[in-house]
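Please open the structure in a viewer and keep the selection tool at hand.

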Amino acid sequence: MAGLVADRCDDARAAAVLSELVRDARRLVARGLTLGPPPGERAWLRLVDELDVDAWLIVWSPGAATGMHDHGDSQGIVRVLRGSLLERYSVRGRTRERVRQLRAGTTTFLARGHRHDVVNAGRAETVSLHVYAPGLTRMNFYSVPPASEPSLRETYPVRP
Ligand SMILES: [Fe+2]
């Protein structure tokens with residue numbers, strides 16, 4: 001597996017959870033494809049629900065997008081199991097955004113405070129695994145005025 005990326009996560013348990021889940025990737029893809037999100041949306045299933053780590057299986061229909069957000073105090077690891085995602089992200093202190101494609105089989109580390117917008121820009125459903133440590137407690141969503149720093153728009157509580 002892309003261990004080098006998972007190793008960048010300083011939470012060994014999160015990396016271990018991801019490794020364990022990826023061993024069952026074929027079954028997870030099949031499970032994800034049964035979630036059936038409406039056109040342009042996502043559907044998800046929480047696979048692990050603990051305070052120190054949680055894991056989500058997400059299926060993205062074509063055009064589904066998150067909007068610009070971060071993951072509160074959690075760091076994360078994303079593994080694309082099928083399809084691909086386009087990630088638009090900003091590096092703190094810099095206004096210029098970057099874009100990268102997350103292809104099937106790749107693993108991406110998200111440091112604490114990583115702010116991004118993720119979209120399925122392809123024509124087929126994408127299935128991805130997301131592991132967070134500690135488990136997600138909130139996600140902050142930002143509005144992004146053209147050519148300026150995003151401003152906090154909404155905080156979405158994940159865990160009461
Ligand atoms: Fe995210």
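The stops below begin with a sheet, continue with a helix and end with a strand.

This is a predicted model, in which local features need pLDDT of at least 70 and side-chain atom pairs count only at pLDDT 80 or more, while totals for chains, interfaces and linings use all residues. Residues are numbered from 1 along each chain as its sequence is written.

**The sheet**

Helices (H or I, at least four residues) and strands (E, at least two) are DSSP runs, numbered from the N terminus. Two strands pair if DSSP finds at least two bridges between them. Please display the open sheet, in which five strands are ordered 1-2-9-4-7 with antiparallel pairing. Strand 1 (42-49) and strand 7 (107-110) stand at the edges with a single partner strand each, so one side of each has no neighbour in the sheet. On average, neighbouring strands of this sheet are turned by 20° against each other, direction ignored. Axes here are lines fitted to C-alpha atoms, for helices over the stretch in contact, and angles run from 0 to 180 degrees between N-to-C directions.

Next, select strand 1 and strand 2 (residues 54-60), which run antiparallel and are joined by seven bridges. Ala-43 has Val-59 in strand 2 as its bridge partner.

**The helix on the sheet**

Which residues of helix 2 are buried? They include Ala-14, Ala-15, Val-17 and Leu-18. A residue is buried if 20 or more other C-beta atoms lie within 10 Å of its own, exposed if 12 or fewer, and partly exposed in between.

Select Ala-14, in helix 2 (residues 12-22). Ala-14 has 26 other C-beta atoms within 10 Å and is therefore buried. Tyr-132 is 118 residues away from Ala-14 in sequence, yet 6.7 Å away in space, C-alpha to C-alpha.

**Strand 4**

Finally, select strand 4, where eight of the eight residues are buried, so the strand is largely enclosed by the rest of the structure. Strand 4 pairs with strand 9 in the antiparallel sense over seven bridges, and four bridges join strand 4 to strand 7, also antiparallel. Arg-79 stands opposite Leu-129 in strand 9, and its bridge partner in strand 7 is Thr-107.
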